[in-house]
Amino acid sequence: MSAAAHGHTPAAWTGVTIAFIGFTVSGVAMIIPSVLLVWAGLVVVLLGGVVGKAMSIAGMGRQPSPHYEDAPAAVAGNKKKTAVAA
């Protein structure tokens, strides 16, 4: 998994950290019955997704592979036509 660099970017770490804080706030709010704090925590979770995506778009996410453009052509060339037996 680490060879694919899945999640090893500042955008991913920041988004997950903010979302984790939101889940923690919501979890504590469920222990101390506070509906307002539960919703505030869920808003923070959504904010983590927005921040992570914005940072990814800003160039702090995973960079595209230089081989990505060749991948669809290679996949299309590997398809075999097979007859389906009924």
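Biologist: In which helix of the protein chain is confidence lowest, and in which is it highest?

Modeller: Confidence is lowest in helix α3 (residues 71-77), with a mean of 53, and highest in α1, at 93. The score used here is pLDDT, the predictor's confidence in each residue, from 0 to 100. This is a predicted model, in which local features need pLDDT of at least 70, side-chain atom pairs count only at pLDDT 80 or more, and totals for chains, interfaces and linings use all residues. Residues are numbered from 1 along each chain as its sequence is written, and side-chain values use heavy atoms, with hydrogens and water left out.

Biologist: What pLDDT does the protein chain average?

Modeller: The average is 79, and 65% of the residues score at least 70.

Biologist: Which residues does the "transmembrane region" annotation cover?

Modeller: According to the unreviewed UniProt entry, residues 12-32 and 38-58. UniProt positions follow the numbering used here, feature names are shortened, and annotations may be inferred rather than shown by experiment. In the model, residues 12-32 are 95% helix and 0% strand, with end C-alpha atoms 30 Å apart. Residues 38-58 are 100% helix and 0% strand, and their end C-alpha atoms are also 30 Å apart.

Biologist: At what angle do helix α1 and helix α2 pack?

Modeller: Helix α1 (residues 10-31) and helix α2 (residues 35-60) pack at about 180 degrees, with their axes 7 Å apart. That angle makes α1 roughly antiparallel to α2. Angles under 35 degrees count as roughly parallel, over 145 as roughly antiparallel, 65 to 115 as roughly perpendicular, and the rest as oblique. The axes are lines fitted to C-alpha atoms, for helices over the stretch in contact, and angles run from 0 to 180 degrees between N-to-C directions.

Biologist: What classes of residue make up the contact of α1 with α2?

Modeller: It has 17 nonpolar, 8 polar and no charged residues. Ala, Val, Leu, Ile, Met, Phe, Trp, Tyr, Cys and Pro count as nonpolar, Asp, Glu, Lys and Arg as charged, and the others, Gly among them, as polar.

Biologist: Let's look at single residues. Is Gly22 buried or exposed, and how do you know?

Modeller: Gly22 has 0% relative accessibility, so it counts as buried. Buried means under 20% relative accessible area, exposed over 50%, and partly exposed in between (1.4 Å probe, protein chains only). Gly22 sits in helix α1 and, leaving aside neighbours within four places in sequence, is in contact with Gly41, Val44 and Val45. Contact means heavy atoms within 4.5 Å.

Terms used:
Helices (H or I, at least four residues) and strands (E, at least two) are DSSP runs, numbered from the N terminus.
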